[in-house]
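User: Please take me through this model with care, giving the cut-offs behind each term as you use it.

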Amino acid sequence: MKQSHIAYNKGEIPIGAVIFDPASNKLISKAHNKELSDNDPTAHAEILCIRKACKKLNQKRLDNLELITYLEPCSMCKEVIKSARIKKVYFLLKNNNPKRKTIYKAKYKHIELKGENIIKKFFKVKRFNN
């Protein structure tokens, strides 16, 4: 709640988030929305909180950690939460507008790759060296 109030007082969308370790009950990171001040559509509280936790712990995965957020995470945040491997998510308010009707869907078009697939090469080397 405190992070949501900080966002509100700064004129931001009042959403805050914290990540903690349930085993030790230790706070790992906290953040609030900064979409408006940073002019960044990805600066949601959950994503900023995940970035801080990853940096603090010097790791990409947040296995066994839990997140508390003010509002039910949007689709973008849910995907980042899954990618970070956060164990549980708690939210205080249900998102009653999950489709966000004012946002237009981007059109995607696959372009055929000519030449080397560097992603495939990268993971082949990673797996071989581990």
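Analyst: This is a predicted model, in which local features need pLDDT of at least 70 and side-chain atom pairs count only at pLDDT 80 or more, while totals for chains, interfaces and linings use all residues. Residues are numbered from 1 along each chain as its sequence is written, and side-chain values use heavy atoms, with hydrogens and water left out.

User: Is His32 buried or exposed?

Analyst: His32 lies in strand 2 (residues 26-32), where strands (E, at least two residues) and helices (H or I, at least four) are DSSP runs numbered from the N terminus. Buried means under 20% relative accessible area, exposed over 50% and partly exposed in between, with a 1.4 Å probe and protein chains only. Because its relative accessibility is 7%, His32 counts as buried.

User: How many bridges join strand 1 to strand 2?

Analyst: Two strands pair if DSSP finds at least two bridges between them. Strand 1 (residues 16-21) and strand 2 run antiparallel, and they form a hairpin with 4 residues between them, where Asn25 in the turn has a positive phi of about 60°. Val18 stands opposite Lys30 in strand 2, and the number of bridges joining the two strands is 6.
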